[in-house]
Amino acid sequence: MTAWPTITVVSPTAPPIPIEQAPTFTVDRPLAGLRAGIRTDSAWRSWQLIAGLWADWLERDGATVETVETKGMVGDLGATDRKHIDDLAAVTDFGIVGLGTCGSCTSFTIADAVAIEDHDKPVIALVTEEFATHGRNMANHLGHGGLKTLVLPYPLEARPDDELAAIALEYYPQALELLGVTA
Amino acid sequence: MTALLAVSADPRAWYERSLEEHFGDGAPLLAPTPEAVDALVDAAPYPADHVVAVLPPRNGVATVELLAANAAMAGAEPAAFGVVVAAIEAMSAPEWNAFGLTTTTSSVAPMLIVNGPRRAELGIDYRAGCMGGAAGRGSMTIGRAVSLALRNIGGQRAGETSRTVFGQPARLGFCIAEWEERSPWPSLAERRGYSASQDVVTVHGGKGTFPMADINNDAARDLLYLIAKTIAFPLNNQYLGGGANGEIVVAINPMWAERFGAEFGDVADLQAFLREHASHPLDLWPEANQEIFRDKGRVADDGRMYLVERPDQIVPIVCGGLGNLHAVALPSFSESQMQSAVALGAG
Amino acid sequence: MDQDGVTAAVDEIAALLRADGGDLVLVDADPARARITLRLELDGVECLDCILAPDALAETVTQAVHRRVPEEFELVLHDPRRG
C-alpha cells in the first residue's frame, strides 16, 4: 500500500459571491390610473396570448398598458430590446415580464425583470414550473433574490388557445396579488 | 491569493475528490500544484490578480490565477495559457452571450477555433481527426481549461445552473485550428480583421458537430448546394429566432477546399452561394409551424425560410484530414455572435 | 514529415525506374501542406510498357513513402503519360 504524502494545491473554484439583495417594490394601490408595462417574447405564443388577455383585463380594470416584445439577446435586436425594456421601466408604474420557459429565455426574463426593478418599480417575472428554480437562482445571481416570480404550468407552449385562456384567467388575480395591487 | 488546499499526492485521490465535490468534469484531472499554477501565471500576459472576466451564471470572478488553476488541472502547458486567457476574454464579450449560453436548455458549448503561427507548436489539431482523435495536447487541454473555468468559476453545472437537456461532448472542451496552409481563402482570423502573424482564438457558441458525407459529386457547386441544404435542416436552432444573430461554421476538408476555392476565389462569394441555398420552401414544415413562422415574420418574400439573414453568418473554415469525402457543420445556438481575441504571451 | 524518409522512399522507386531509363524526381516535400510532389521522367525510356501504369506507379510510390512517413500526406505525381 503506497503511503502518499500530503501536498498543497491551488483551489480551482471561485469563492462564493456575497449576494446583496436589491430592494423589491409593491404597487400598494388600485389599478385605476396606473400604467402597466408588459414584456412578451417573440418566441412564446402561449405567453403572448396570456399577456394579451391580461392587457385587456388591466385596461378593463382601469390601467393603461404599454407592451414590449423582445426578439433577440444579442446584436442589434438584443440592444434594441434592452433599450425598450429600459424605456418601458421609465414610463410605467409596474412591470409584468415573461416568459421563462427555457434556459436562456428564463435568464433573460429575469434579467429584464431586474432591469425594471432597478428602476425602483414593482415587477413580477413569469416562469413556467420546470424553470422556476432556475429563475430564482438567476435572480439571486443578479443580486435580486427578492424578485417576485409567478410560476405558470409546464409545458405551456403547445396548449390550445382555450386552455391558455383558462390559465390566463386563473393566474391573473395571482399576478395582481403578487404585484401588491389593492382593491 | 487563491485558496490553497491540502490533499493527498495520490493522483487518484484528487480525481475522487473532484467527483465528490463536483469541480471536475468527470474525467481524471491533474492536481493544480502551486508550481504548475505559477508556471502558467508566469506565461500569462497579465498579473495573477488581474480579472480576466466575470463569468455567469454565478458571476464568478475569473482572475488569471484562478484560470491558471483550472488550466493546470486540464494539463495545459504554459505556452498555451495565453490562448485560454484569450478565449475567456472573447467569451466575456456581451455579444457572445455567456449569460444565455451557460444557462440554456440547448447543447451549446464554447468551440474554440485558433489561427496563427503557433497552432502546430501548441498542439492544436487541424489535420486528420482534429475534432477528436488527433490527441494534440493543445486541443485536448485548452478547450478543457475553458470548460473547467466555466464550471468552477462561472458555476455552470448541468442540471443545476445550466438547464442543458443533453449537453454535448464539446462541454469537455473543444479546440481546433484551421489548416491555413491548405485554405484557398484568408484565415478566419484574417477575415475577422486580424493579421496572419497574430495568434487568435475565435469562440463560437456551437451546438455540436454535424457531419456530412459525399462520394457522388464532382462539381463544386453541386456539392456546395447540398451542403447548404444540409446545414439548413428543419430543426436548426437558427429558425427559432429572427435569423439575424448567430453563425454556422462549415468545416471543409482540404481536398474539397481546393475544389471550392477554384470555383469561388473570393470566400464572400462562397458564403453568398451557401446562404442563398441554405433555405427551404415554407411547406417543408407542417402547417402549424408555417403559421408560427409567418406570425414571427420569419418567412421571406419569396415564400422561403432562409437559415440566416446574411452570408457572413455562414463561416467556412478549412481543416481535417486528406481523406476527402466529408465536411462538418458546427450549428449555432443562434443568440450568440462569435468573438475573437488575440492570444498574448507573458507580459 | 520526415524529409530523409521521403528522400529514401523516392530513391528506392527511382532506382527501379533508372533500370529502364526513367527517373523519379522529388520536386518538393511540404510538411505544412502535407504534400509531396514528384515528377516522373521518361525521356530515356525505350520500353514504356516496362514502366508501371500511372495508377500502379502512384500507389507503389505512396506505399514506399508510407513505410517511412506514417502521417497523412497528399502525393502529387506529375506523370507525362497523363498529359
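Predicted model: local features only at pLDDT ≥ 70, side-chain atom pairs only at ≥ 80, totals over all residues.
**Entry 1: A:I167 and its contacts**

Setting aside neighbours within four places in sequence, I found A:I167 in contact with A:I50, A:L152 and A:P153. I then located A:I167 in helix α5 of chain A, which covers residues 161-179.

**Entry 2: helix α4 of chain A**

I next took helix α4 of chain A, residues 132-141, and listed its buried residues: A:H134, A:G135, A:N137, A:M138, A:A139 and A:H141. Which elements cover these residues? I noted that the cover includes strand β4 (94-100), helix α3 (103-117), strand β5 (123-128) and strand β6 (148-152), which belong to chain A. Just after α4(A), I recorded a positive phi of about 80° at A:G143.

I examined strands β2 (residues 35-41) and β3 (residues 64-70) of chain A, which run parallel and are joined by seven bridges.

**Entry 3: chain contacts**

I turned to the pairs of chains. Two pairs are in contact, and chains A and B share the most contacts. Chains A and C do not touch; I read 37 Å between their nearest C-alpha atoms.

How many residues does each chain bring to the contact of A and B? I recorded 48 residues from chain B and 31 residues from chain A. On the side of chain B that touches chain A, the elements giving two or more residues are β1 (4-8), α2 (34-42), β3 (60-63), α3 (64-74), α5 (98-101) and α6 (137-152) of chain B. The largest share of that side, five residues, comes from β1(B). By class, I noted 22 nonpolar, 20 polar and six charged residues on this side of chain B.

I then looked at β1(B) again, now for its pairing with chain A. Strand β1 of chain A (residues 6-10) is joined to β1(B) by five bridges, and the two strands run antiparallel. Here A:T6 stands opposite B:S8.

**Entry 4: a sheet in chain B**

I traced an open sheet of four strands in chain B, with the order β5-β4-β6-β13 and mixed pairing. What are its edge strands? They are β5 (175-177) and β13 (339-342) of chain B, each of which pairs on one side only. Neighbouring strands of the sheet are turned by 25° against each other on average, direction ignored.

Within the sheet I inspected strand β4 (residues 109-115) and strand β6 (residues 200-206) of chain B, and found antiparallel pairing over seven bridges. B:M111 stands opposite B:H204 in β6(B).

Last, I looked at how α6(B) is placed on this sheet. Helix α6(B) lies across β4 and β5 of chain B and runs at about 130° to β5(B). I noted that α6(B) is also among the elements giving two or more residues to the side of chain B that touches chain A.

Terms used. Residues numbered from 1 in each chain as written. Chains lettered and ligands numbered in written order. Contact = placed C-beta atoms within 7 Å. Buried ≥ 20, exposed ≤ 12 C-beta atoms within 10 Å, placed from the backbone. Nonpolar A, V, L, I, M, F, W, Y, C, P; charged D, E, K, R; others polar. Pairing = 2+ DSSP bridges. Axes fitted to C-alpha atoms, helices over the stretch in contact; angles between N-to-C directions.
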